Amino acid sequence: MSTTDTLATALSALERVAVQVGVDPTTARREGEALAAAVAEPSKGAFVDWCTETGRPASAEEFFEAASRGRRYRSAPTASMSGLAAVGATAAPSYAAALGDVALAAAALGTPDPRATGNAATAAAAQLGESSVPRPPVPTLGDEVTSSLVQQLSVVQRKLAGLDLSGLTGQPGPPHPVPVEGVDPSGEPRDQVPVATQPPPDGTPEPQEEPEPEAPAKSVEELLAELDALVGLEDVKAEIHRQAAVLRVEGLRREAGLRSPTITRHLIFNGNPGTGKTTVARLVAGIYRALGLLSKGQLVEVDRSELVAGYLGQTAMKTAEVVASAAGGVLFIDEAYSLSGDQYGQEAIDTLVKEMEDRRDDLVVIVAGYPVPMMVFIGQNPGLESRFRTTIDFPDYTDDELVEIFGLMAAGAEYDVGEPILERLREVLSGVERGPTFGNARYVRNILEAAIGHHAWRLRDIAEPTLEELRLLDVEDLATPPEPEASAEALGPDGELVAPGDAGEIGLVDIGEEDPAPHQQESS
């Protein structure tokens, strides 16, 4: 993709790649639009450009609804990307590159804003290269695929950090070659999957390329090792190890013809925002697949908005469709308690219980949220109580753990952070009031996004920054710390999460911008 490509062009390219790699193009476009909205959210007037580029009616409400769905993609792969990665598909780099291009194009919507630049960097890193971080959210990519994705991160960084800011300013500039295996300089996939061609004039069919074999899935031992490499969460790790051991023995007993009690595989994750629930859920999906309990092992993450429709009767269909997309893997329902309290949510719960029963042999459901509201949610339907027998509590991270996570996130996006910036981060964290709504890892991710945006703005007038300049974040990039309540989510009177602010999107890091853009709540 050239830096002059628009969001409309990037979305069209994403649809084309989706068809080639076996992803539903409608689903791919919906994910791409949500990702773009989440990236562009801080920029003034972005919703107008987003509606124009996507062909949707000029509606701020629709833009922010899409942004709310897409915020999770700034730190984790989309559901389709997760599905490709779960089976080790060699086509994963092509699809990840197309998603990265969508994130880059979105940074140019509206009036360019450093915070949108930071969002684009971390979102592209989440799609392209988080498998290289010691806490990989995509557990089954092979080394060759991972290497290709990591190469693309360098391309993203050069586009964002000063070699050519034309993509962020709207000014024309020459496209940069993209030296990535499987992707040509225009960003189109190359030699990743066989594509039908016209036969030669003599009528002899042209031989088709054989698809490359899928990368081997990781073993239980490898996935548990990745779990153990996560920062903190010692009690969580111990419980997942116990679950894996119990389910392994159950499988062995079944193979030996022995009777075994039915063990529910569905889980409740209790914890505050940003405590690693989604990352652990993704690893659980891989572990269950390695144990032979799931056929695919993908993770599909949703919240209330993706389960509930506007009218009774439609919700059941919408929920059933979501569950069907998760068949063979894990359905992760964030803020599941928000389904409690009204007839629409009740319809979604009732449908979920039925689908869990119909697909009990090849579906695992993990519900997540705050402890007390989750107790209310589980009590909504007797079927839920019988299916969710295991609860895992996710504690808040300590300051030292958050500093370590910040360093890993920066490394995953190919940025270098020295001890001075880490010391500054410790000072910031020491002054933050902790409470049930503290953002944890999300809080430091938002700080990183803003720092990356500030870094790109700092280098915008340097014609040819050095590699060190492109990679190094400085203390000055870590500007005024966010207010604790601004990055926090809180429970409203109806039991729903409301967010008074979202770091990197409403002035949580002071970078001299006035009148920051409005925003919506961010999912955990």
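How many Å² does the accessible surface of the protein come to, and what share belongs to carbon and sulfur atoms? The surface comes to about 20800 Å², and 53% of it belongs to carbon and sulfur atoms. Accessible areas come from the Shrake-Rupley method with a 1.4 Å probe; for residues, only the protein chains shown count as cover.

This is a predicted model: local features need pLDDT of at least 70, side-chain atom pairs count only at pLDDT 80 or more, and totals for chains, interfaces and linings use all residues. Residues are numbered from 1 along each chain as its sequence is written, and side-chain values use heavy atoms, with hydrogens and water left out.

**View 1. The whole protein.** The protein has 20 helices and nine strands. Both are DSSP runs numbered from the N terminus: helices are H or I with at least four residues, strands E with at least two. Of the 524 residues, 56% are buried. Buried means under 20% relative accessible area, exposed over 50%, partly exposed in between (1.4 Å probe, protein chains only).

**View 2. Two nonpolar cores.** A nonpolar core is a set of buried Ala, Val, Leu, Ile, Met, Phe, Trp, Tyr and Cys residues joined through side-chain atoms within 4.5 Å. The largest has 57 residues. Phe269 is among those with the most contacts inside it, with Ile240, Val280, Tyr288 and Ile366. A second, separate core has 42 residues, including Ala18, Phe63, Tyr95 and Ala106.

**View 3. Histidine 266.** His266 sits in the loop between helix H11 (234–255) and strand S1 (267–271). Its relative accessibility is 8%, so it counts as buried. A polar atom of the His266 side chain lies 2.9 Å from the backbone nitrogen of Val365. Leaving out residues up to four places away in sequence, contacts of His266 (heavy atoms within 4.5 Å) include Met356, Leu363 and Arg387.

**View 4. Leucine 363.** Leu363 lies in the loop between helix H14 (343–358) and strand S4 (364–369). Leu363 is buried, with a relative accessible area of 1%. Ala327 is 36 residues away from Leu363 in sequence, yet their C-alpha atoms are 5.4 Å apart. Leu363 also touches Arg265, Leu294 and Glu355, among others.

**View 5. Helix H2.** H2 (residues 25–40) has 16 residues and reaches 22 Å from first C-alpha to last, close to the 22 Å expected. The expected span is 1.5 Å times one less than the number of residues. Twelve of the 16 residues are buried, including Arg29, Glu31 and Leu35. Their cover includes helices H1 (7–21), H3 (46–54) and H6 (92–106).

Key: Polar contact = N/O pair within 3.5 Å; in protein donor to acceptor, adjacent residues only side chain to side chain.
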